[in-house]
Amino acid sequence: MQSWSEISVPAVPGSGPPLRLFDTADRQVRPVTPGPTATLYVCGITPYDATHLGHAATYLTFDLVNRVLRDGGHEVHYVQNVTDVDDPLFERADRDGIDWRDLGSREIALFREDMAALRVLPPRDYIGAVESVGEVVELVDKLLASGAAYVVDDPEYPDVYFRYDATEQFGYESGYDRATMDRLFAERGGDPQRPGKRDPIDALLWRVARPGEPSWPAPFGAGRPGWHVECAAIALNRLGTEFDIQGGGSDLMYPHHEYSAAHAEALVAGRRFARHYVHAGLIALDGEKMSKSRGNLVFVSKLRRAQVDPGAIRLGLFAGHYRQDREWNDQVLAEALARLDRWRQATALSTAPPADDTLARVRQHLADDLDTPKALAALDSWARQALSYGGPDRTAPALVSDAVDALLGIRL
């Protein structure tokens, strides 16, 4: 699948300190320890609706991770999937009277446009579920052979399921107790009432073909992939096990990330799927969580059509810490636009206060679990001094402009 175009990143003198991130499984901030090439997997969209600010907040979080790692001297092998075959896609296509493949293609194209407009660095591998079906079939076959998976006793629809207890460490990522797992499994796409399952939270690996649904051949019956196994197969085949960071929104922590990790770990006993599990907070609109059911989504494409500067969208979402559930409203946008204007005025000056210390502080704050509020405050302080008192340094405005572009993805 085609990714979006490369985004130019200015060169900034020096390099940043090593990145430290909160690891969900360990419940603490700890160093990210990549080799020369850092490896990053971020779960992508199910393309049945346009990119809303909840999506944007997640992908901007991991764009910062990408930029900080690059600033620290690493290359980054970034992989992202697209769940372009799934029930929500079929349901929306049926509702709108459009072929599910056409709907998916349209929304993927819009997502790429939104990401390019937001200046998100593109993944090296951008992989759709449809194009990875063969990889899923191979993985499911191995899980069946190992005993980690089983076929339900249903002569009409013998689906394949993963045993949640196939790994001794299942649940280490989220840390949830069984009651919470039961509740969230049902709320987030699981099928606890499916007859024939050995346990209500066993996860679907392969859905045998139903009338009117797309299917692909497999030794265990024609059908299509479950949700979690798609990410396990794509990541394993491009990054292997124990890659550096698996990321997504906090609502993916369980069951999606818990199971995608378990699918891989069931075949590589004792090895952790990713060294770091990183989750971004959710976005609310005027005090209520954004959701399709509430109909209160704010779409990136709608903001773009209204001529909202993409840099202000980034600044509005960076005003709060990435791990926090946070608010989007008119005031957040107005403050972001005002901040963007101040920074542009300051970097348009011919001379300004020296900026080396400001750059060092921005790097330090971003390396400290992506502390964007403190990074923005450091830049605010420099801009206020520049606009109020000026300064002798002819190189400072360009240095700040390049640093904001390279580290925060905002063009001044």
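C43 is a buried residue, with a relative accessible area of 5%. Keep in mind as you look around that this is a predicted model.

**The two cysteines**

C43 has a neighbour worth a look: the closest cysteine sulfur to its own is the one in C231, 3.8 Å away.

| Cysteine | Relative accessible area | Closest cysteine sulfur |
|---|---|---|
| C43 | 5% | 3.8 Å, in C231 |

The structure as a whole holds zero disulfides.

Now to the strands. Strands of a sheet pair through backbone hydrogen bonds, in either a parallel or an antiparallel way. In this model, four strands make up an open sheet, in the order 6-7-8-9, and their pairing is antiparallel. Strand 6 (149–151) and strand 9 (223–225) are the edge strands, each pairing on one side only. On average, neighbouring strands of the sheet are turned by 25° against each other, direction ignored.

Which strand pairs with strand 9, and over how many bridges? The partner is strand 8 (residues 203–208), and the two are joined in the antiparallel sense over three bridges. To find this pairing in the viewer, you can go to V208, whose bridge partner in strand 9 is G223.

Notes: Residues are numbered from 1 along each chain as its sequence is written. This is a predicted model: local features need pLDDT of at least 70, side-chain atom pairs count only at pLDDT 80 or more; totals for chains, interfaces and linings use all residues. Side-chain values use heavy atoms; hydrogens and water are left out. A disulfide is a pair of cysteine sulfur atoms within 2.5 Å. Buried means under 20% relative accessible area, exposed over 50%, partly exposed in between (1.4 Å probe, protein chains only). Two strands pair if DSSP finds at least two bridges between them. Axes are lines fitted to C-alpha atoms, for helices over the stretch in contact, and angles run from 0 to 180 degrees between N-to-C directions.
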